[in-house]
Amino acid sequence: MSQYGIQSMLKEGHKHLSGLDEAVVKNIEACKQLSTIIRTSLGPNGMNKMVINHLDKLFVTNDGATIVNELEVQHPAAKLLVLAGKAQQEEIGDGANLTISFAGELLSHAEELIRMGLHPSEIISGYTKAIKKTIEILEELVEEGSETMDVRNKEQVVKRMKAPVASKQFGQEEILSSLVADACIQVCPKNPANFNVDNVRVAKFLGGGLHNCTVVRGMALKTDAVGSIKKMQKAKVAVFAGGVDTSATETKGTVLIHTAEQLENYSKTEEAKVEELIKAVADSGARVIVSGAAVGEMALHFCERYKLMVLKISSKFELRRFCRTVGAVAMLKLCQPNPDDLGYVDSVSVEEIAGVRVTIVKNEEGGNSVATVLLRASTDSILDDLERAVDDGVNTYKAMCRDSRIVPGAAATEIELARRVKEFSFKETGLDQYAIAKFAHSFEMVPKTLAENAGLNSMEIISSLYAEHAAGKTKVGIDLEGGVCKDVSTLQVWDLHVTKFFALKYAADAACTVLRVDQIIMAKPAGGPRRGDQPAGMDED
């Protein structure tokens, strides 16, 4: 039987879906599934998801970005939402959950419109108008006086950081945000716009609880000091990337030894050479040696003799960060360092935290550029979740350094947007107006989800929110603990304007992209190993 049509054009084993029912609605279905998964984790009372990825690693988290990263979504349309969420995570570091849930909500409303007989391109044009209008309204909702802030003022920082941290660790946001704010303010450079997220490190230790968490100005290395000297105060540091050891020469030579004397002399010269090198380092004023590779026995012996403390940092990323902390330049091989290449630390000490030996490098005075948050918790998965909360806090700090404007949180902004966009839809004349009205309706997902996740009656809450907002109280949101509607400025729940701005923008873009697809043509998948599998033992650093 000869094939005809598209069959004859493509290799066998391909899939081809076209038309509204086959392609568009199927795509929307897949995206709705994804957003239903993510949606229940939105907000402070969001449920945790237990995700086990392909390497059998267990994640228990309500952080949207982590969940979609580990789910390995296969469906091409749902992947678009995942990418939107990832873009949000990269750009702002918070709000990935909002992006994906909102996009899913937009698409499910689009499906209703398609069933009513609207063409996807009309829906897209309506959504585009609506997002433009939304962004205008967002500008008007910005809290007055919030465009200027002192990023070194802890109170103002915590005020903006509480919401993103609370959405990950509800009930512990006070402790966590003040920890993160401390760490961020310590490493904030002269020009806050140049804040580098990498400068706030997280060290995780089992045991203890949240109240044991501290911030160290400097670094915490999870290794013990090599040798017997465990403490140093106000010392200069020499960093050797290549390791502290007698190195074999590049050329090979054969040594002919006739007598025992010559053998003794031969090994003595080796000792003398090592001693000379170590002595040169000690004479340059360095009291601490940091090595990037192995530390030889003989070299260690002489380091002890000259009272030098020896640390070993095997990861080259850690070594770079260490150099940044102490302001040193890493030298390639063991030689006498220039005074300019030496770094300086206030104290290096080996302490024991929960049975783990940790070297804490403090650098209080100097142009300190690294701070470490020491997290303590009872299990690994809680630690990971705390780390995510800290990451979100740090990313939020970076975002507020660039743009510190805030809008009311706790769904106050969303209800106001829904109300105003709805009004805007009545002024439109074409078929777009239905799409714009549905866009406005999609905003209700946020208060609805927040209320449902907290176990409240979402219908009552939404109607009372609308009533308050219609009366002109634009800052009324949900108080999740009391289960009532309250003014968010008394609750101190604020969201960054940039977070909302990008989340809604990415969501609308992703939704429009999915709607623009009218055919899916999948070629036959190639055999062979899967692409994108990381070889085992790779580190995400």
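Guide: The questions below set computed values against their definitions.

Guide: This is a predicted model, in which local features need pLDDT of at least 70, side-chain atom pairs count only at pLDDT 80 or more, and totals for chains, interfaces and linings use all residues. Residues are numbered from 1 along each chain as its sequence is written, and side-chain values use heavy atoms, with hydrogens and water left out.

Visitor: Why is Leu-263 called partly exposed?

Guide: Buried means under 20% relative accessible area and exposed over 50%, with partly exposed in between (1.4 Å probe, protein chains only). Leu-263 has a relative accessible area of 49%, so it is partly exposed.

Visitor: How do you know that the length of helix H8 agrees with its number of residues?

Guide: The expected span is 1.5 Å times one less than the number of residues. For the 15 residues of H8 (173–187) that gives 21 Å, and the end C-alpha atoms are 21 Å apart, so the two agree.

Visitor: What do the buried residues of H8 pack against?

Guide: They are in contact (heavy atoms within 4.5 Å) with helices H7 and H12 and strands S4, S5 and S12. Leu-176, Val-180 and Ile-185 are among these buried residues.

Visitor: What makes the buried residues of H10 line one face?

Guide: In H10 (297–305), Ala-299, Leu-300, Phe-302 and Cys-303 are buried. Seen down the axis, they fall within an arc of 165°, so they line one face of the helix; the arc is that of the directions from the helix axis to the C-beta atoms. Their cover includes helix H9, strand S7 and strand S8.

Methods:
Helices (H or I, at least four residues) and strands (E, at least two) are DSSP runs, numbered from the N terminus.
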